[in-house]
Amino acid sequence: SRMSKTIAIIGASTDRRKYGNKAVRAFRDGGWTVYPVNANAPEVEGLKAYASITEVPGPIDRVSMYVPPAVGATMLEAIAARRPDELYFNPGSEDAAVLAKAIALGLHPINACSIVNIGRRPDMYPDE
């Protein structure tokens, strides 16, 4: 087993007010190897960003979604191809259709805040 767990954060943001940014900081602080996925930024919080999950190197333990459901739905085949152990849909990233599609692809969606799941809180990460 690898020392550090890996997470791909879909919708990682350079805007420190957004949860897609706070998640990058929270998981990095929690000792995870963080792969920000953002098609429009070369890096997020000093970490190399990837245009899509397809480009992320190596195994992915968890995928965490911070994009609207209609956007996330278009990415599910690529996510399924990476066979993550966990797929988190954070509040606002989920709807019935995207969850049903994830299940149909053999994924096991978890409808919860992935920051709280690792014992941290979004309010620990300032907006500036």
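The model is predicted, so local features are described only at pLDDT of at least 70 and side-chain atom pairs only at pLDDT 80 or more, whereas totals for chains, interfaces and linings use all residues. Numbering starts from 1 along each chain as its sequence is written, and side-chain values use heavy atoms, with hydrogens and water left out. Helices (H or I, at least four residues) and strands (E, at least two) are DSSP runs, numbered from the N terminus.

Next, select α2 itself, residues 69-81. Its 13 residues should span 18 Å at 1.5 Å a residue, and the end C-alpha atoms are 19 Å apart, which agrees; the expected span is 1.5 Å times one less than the number of residues. At methionine 75, α2 bends by about 45 degrees, the bend being the angle between axes fitted to the seven residues ending there and the seven starting there. Now colour the buried residues of α2, which are Pro69, Gly72, Ala73, Leu76, Ile79 and Ala80. Buried means under 20% relative accessible area, exposed over 50%, and partly exposed in between, with a 1.4 Å probe and protein chains only. The cover over these residues includes β5, β6 and α3.

Move to β5. Arg62 and Ser64 point one way from this strand and Val63 and Met65 the other way, and all are buried. On one pairing, β5 runs parallel to β1, joined by four bridges; arginine 62 is the bridge partner of isoleucine 7. β5 also pairs with β6 in the parallel sense, over four bridges, and serine 64 stands opposite tyrosine 88 of β6. Strands count as paired if DSSP finds at least two bridges between them.

Display β5, α2 and β6 together: they make a right-handed β-α-β unit. Right-handed means that, with the strands pointing away from the viewer, the path from the first strand over the helix to the second runs clockwise.

Then select Val63, Met65, Leu76, Ile79, Leu87 and Phe89, which touch the most other members of the largest nonpolar core, a set of 21 residues. Such a core consists of buried Ala, Val, Leu, Ile, Met, Phe, Trp, Tyr and Cys residues joined through side-chain atoms within 4.5 Å. Two or more residues come from each of β1, β2, β5, α2, β6 and α3, and α2 gives the most, with four.

Finally, centre on phenylalanine 89. Leaving aside residues up to four places away in sequence, its contacts include Met65, Leu76, Val98, Leu99 and Ile110, contact being heavy atoms within 4.5 Å. Apart from this core lies another, of 14 residues, among them Val24, Val34, Ile115 and Tyr125.
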